[in-house]
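Keep the sequence and the 3D view open as you read.

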Amino acid sequence: MGGFTIVNEKREHVFTPEVRRIKNTFMKPRILAFIPAHNEENSIRDCLEGLRDQTLPAGVALDVVVVADNCSDQTEAIALDAGKEFNLNLRVLRTVGNKQRKVGALNAAWKSIYGDPLNLYKERPTKYQIYYQESVKGILGMDADSRLAPGALKHMWEGLMSARNIGGVMAKYTMRMPLKKSSIPKDDVQYESKLASDQYGGPLARWWTHQQKQDMAGWLLDLQYRGGSTYVLGGQATLFRPEALKDVVDENHLDGPWQDDSDVEDMQLTWQLQKKWKTLISPHARCFVDSMRSYHTFRKQRNKWQGGTVELLTSGDIGVRSKHMWKLWRSQFRTLLNLSIRVLFALLLAVSLATGQFTWTWLWLIPIGIASVLNTIMAIKTPMHRPIDVVLAALLISPELYMWANLITFVDVWASKMSADKKDGWAIQYSAERGQTSSKILVGGLAFILAGVVIVGLAVHYRTYLTSAPVQQSVSPYLVMGWKTLTVLTVYTSILMIYKIWTLRARHRA
């Protein structure tokens, strides 16, 4: 099915035997999967095996289009072999010179079915193509490194078909935990190849994976508590209604539903869908996705996500808004609040200790206790958690480290927003995942420690002066005002945490 332009044609009222045969063959309702794959030879087979495991709705067929996007590896050959092995109705669509990356690959798959509005020759679709278009009742967009859990596709289909006004249903995402490196015998002849397969990771990679998984679980639980409506239909696994995607194309005069105006193309598409359609998460469908195994790749990915989100919130050029924007602004405010509390506490503590005016109060343990309870519940509600994850959450070790990782991203994103230099989030993330960039966390950590040592040394050296009465009297009013401000912010944050604990009482599953 090559590119073509859809045109109006007169419908036949009396079907010939040939037309009737065509209709019986192509009018069977079907789900059409679009899988963009750029050099995904290590993951595409696993993705397709997950589709093999699906139980399709009665009378519904599944077709798969793998888009081999500017591939220089064996993605295409492996996909074709897997399609035969798993008995999938699969074809590979090859792109050459696509500069829009994932967006261009998805739109290429779309045009192969529904035609290219930019086609100057205005080719008429054949009867086969028209009947095929009409038979597609759901379009599954998913990443090549994702895998649907058994039954997920049927659950998403049931959600999509539950009401006429639902434009898309997203599966719940769970990060796959890397296998332990220590589980590979040292004398295994495939030791090096297994390590290079990205299926294994050390303690730090497994810790990072759980933090991302718990973060995703918290987001999913919050959406379900508020009714299941989502402001982003993630590209990892979402089932769309074709009519909804056509609306986006027609209303915005596009040549395909997906756009590269933003680094978060899935969120932009969701906001456009929400003008007429509902966008939901499935309470039962699950999709397993890969995590970022290191702080460096994690930060580059989150910079792209958060940068794209901030761009959608603040840019008038993109021209799309969402009824869920207040949720995103609320999230930005909470992050700013968490950053302010930590910076203010560190500053007040340092000045109080340096000037000999620090006083401990047991009331400080109250918000710490609330945070411990909240994070313990979240760790327990996170799918496939480990005992160590619950312990580290209760001790607030993991939540605090992960919080600081996100705070650094928050500062970096807003600093970039204020800068005139526009960064390519996709290119940065790809480069980080391929190891083409290096992390500066070690240098930054050493600089932070060195700065701390210098400040402590100066405070000790000038101890007599800093604790003198004139200095204390001049600093005291600012300390009092600062501690009062910190108290108000902490009380407010504690109320938010108590409310979060209250919402987690619901029997929703992450």
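## Starting at a strand

Which residue in β2 is the bridge partner of A33? It's V64. This is a predicted model, where local features need pLDDT of at least 70 and side-chain atom pairs count only at pLDDT 80 or more, while totals for chains, interfaces and linings use all residues. Residues are numbered from 1 along each chain as its sequence is written, and side-chain values use heavy atoms, with hydrogens and water left out.

A33 belongs to β1, residues 30–37. Helices and strands here are DSSP runs numbered from the N terminus (H or I and at least four residues for helices, E and at least two for strands). All eight residues of β1 are buried, so the strand is largely enclosed by the rest of the structure. Buried means under 20% relative accessible area, exposed means over 50%, and partly exposed lies in between (1.4 Å probe, protein chains only). Look at both faces: R30, L32, F34 and P36 are buried on one side, and I31, A33, I35 and A37 are buried on the other.

## Neighbours in the sheet

β1 runs parallel to β2 (residues 61–69), and eight bridges join them. To get from β1 to β2, the chain passes through helix α2 (residues 44–52) in a right-handed β-α-β crossover. Right-handed means that, with the strands pointing away from the viewer, the path from the first strand over the helix to the second runs clockwise.

β1 also pairs with β4 (residues 136–142), again in the parallel sense, over five bridges. There, I31 has G138 as its bridge partner, and R30 has V136. Two strands count as paired if DSSP finds at least two bridges between them.

Now zoom out: the open sheet has eight strands in the order β3-β2-β1-β4-β9-β6-β10-β5, with mixed pairing. β3 (89–95) and β5 (147–148) sit at the edges with a single partner strand each, so one side of each has no neighbour in the sheet.

## The nonpolar cores

The largest nonpolar core has 80 residues, and F34 and I35 are among those with the most contacts inside it, as is L148. Such a core is a set of buried Ala, Val, Leu, Ile, Met, Phe, Trp, Tyr and Cys residues joined through side-chain atoms within 4.5 Å. Helix α4 (residues 101–114) gives the most to this core, with seven residues. A second, separate core of 10 residues includes A217, L221, L374 and L396.

Setting aside neighbours within four places in sequence, L148 has contacts that include L51, L140, A237 and C287. Contact means heavy atoms within 4.5 Å.

## A helix with a buried side

In helix α9 (residues 242–251), P242, A244, L245, V248 and V249 are buried. They cover an arc of only 165° around the axis, which puts them on the same side of α9. That arc is taken from the directions from the helix axis to the C-beta atoms. What covers these buried residues includes α4, β4 and β9. Just after α9, H253 takes a positive phi of about 55°.

The predictor's confidence in each residue is called pLDDT, and it goes from 0 to 100. The chain's mean is 87, and 90% of its residues reach 70 or more. Confidence is lowest in helix α16 (residues 425–433), at a mean of 55, and highest in strand β9 (residues 237–240), at 97. Over residues 1–15, pLDDT stays under 50.
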